[in-house]
Amino acid sequence: MPSDRLMRIHSPDFKAMSDRVLRATELTSRLNVLPFEDEAGKAELFERILGRPLPASATIYPPFYTDHGLRLDLAERVFINQNCTFLDYAGIRLGERVMVGPKATFITVGHPVDPGERREWLTGAPIDVAENVWIGAGATVLPGVSIGRDSVVAAGAVVADDVPPATLVTGPKATLNRQW
């Protein structure tokens, strides 16, 4: 996995991140119980979650989940359907006109594969989604992935590698790579 960010667990940086996770979780839990028509309440909570106002032409249907929020960059005319999760500590950018289907998940953080290091470190890398991309229902996008303009990620796909522009990617596949 690409590792643009490496953080020791039980460090001051980890404590600051953990504090933000608790705050973002509190804010999203409040957002997710608002009446759907409470546009003012949703706008106020999204501003607190993202650290800035949601772009005027962006649409997010709750429930919505994020572990950080402050590193989620949404362009104009982004559409995010219900039950999506954005673990954005290492940064997620969604370009203009990106559409995200229900239950999609974007994950920018993880742990080393080595069992001895797994509980000592967090790893992470940003996700970049270019303009006019469609992410299908239940898709998962993993750390360090870039998805090119006009591409489609099919429902249920697990994206672990970069996607070239104007490409359709499909399928979840687990592959045995090594044992220890």
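A residue counts as buried when its relative accessible area is under 20%. The legends below describe a predicted model.

**View 1. Threonine 105 in strand β9.** Threonine 105 belongs to β9, which covers residues 105–107. Its relative accessibility is 19%, and threonine 105 therefore counts as buried. Leaving aside residues up to four places away in sequence, threonine 105 touches Thr85, Ala139, Thr140 and Val141.

**View 2. Helix α2 and its buried face.** Helix α2 comprises the 12 residues 39–50. At 1.5 Å a residue the helix should span 16 Å, and its end C-alpha atoms are 16 Å apart, in agreement with that expectation. Buried positions in α2 are Gly41, Lys42, Leu45, Phe46, Ile49 and Leu50. Viewed down the axis of α2, these buried residues fall within an arc of 145°, so they line one face of the helix. An α-helix has 3.6 residues a turn, so residues three or four places apart point the same way. The packing partners of the buried residues of α2 are α1 (12–31), β2 (59–60), β3 (64–66) and β4 (72–74). After α2 comes glycine 51, with a positive phi near 80°.

**View 3. The contact of α1 with α2.** The axes of α1 and α2 are 10 Å apart, and the two helices pack at an angle of about 170°. This angle makes α1 roughly antiparallel to α2. From α1, the residues Arg20, Arg23, Leu27, Thr28, Arg30 and Leu31 meet Lys42, Leu45, Phe46, Arg48 and Ile49 of α2. The residues of this contact comprise five nonpolar, one polar and five charged.

Conventions:
Residues are numbered from 1 along each chain as its sequence is written. This is a predicted model: local features need pLDDT of at least 70, side-chain atom pairs count only at pLDDT 80 or more; totals for chains, interfaces and linings use all residues. Side-chain values use heavy atoms; hydrogens and water are left out. Helices (H or I, at least four residues) and strands (E, at least two) are DSSP runs, numbered from the N terminus. The expected span of a helix is 1.5 Å times one less than its number of residues. Buried means under 20% relative accessible area, exposed over 50%, partly exposed in between (1.4 Å probe, protein chains only). The arc is that of the directions from the helix axis to the C-beta atoms. Contact means heavy atoms within 4.5 Å. Axes are lines fitted to C-alpha atoms, for helices over the stretch in contact, and angles run from 0 to 180 degrees between N-to-C directions. Angles under 35 degrees count as roughly parallel, over 145 as roughly antiparallel, 65 to 115 as roughly perpendicular and the rest as oblique. Ala, Val, Leu, Ile, Met, Phe, Trp, Tyr, Cys and Pro count as nonpolar, Asp, Glu, Lys and Arg as charged, and the others, Gly among them, as polar.
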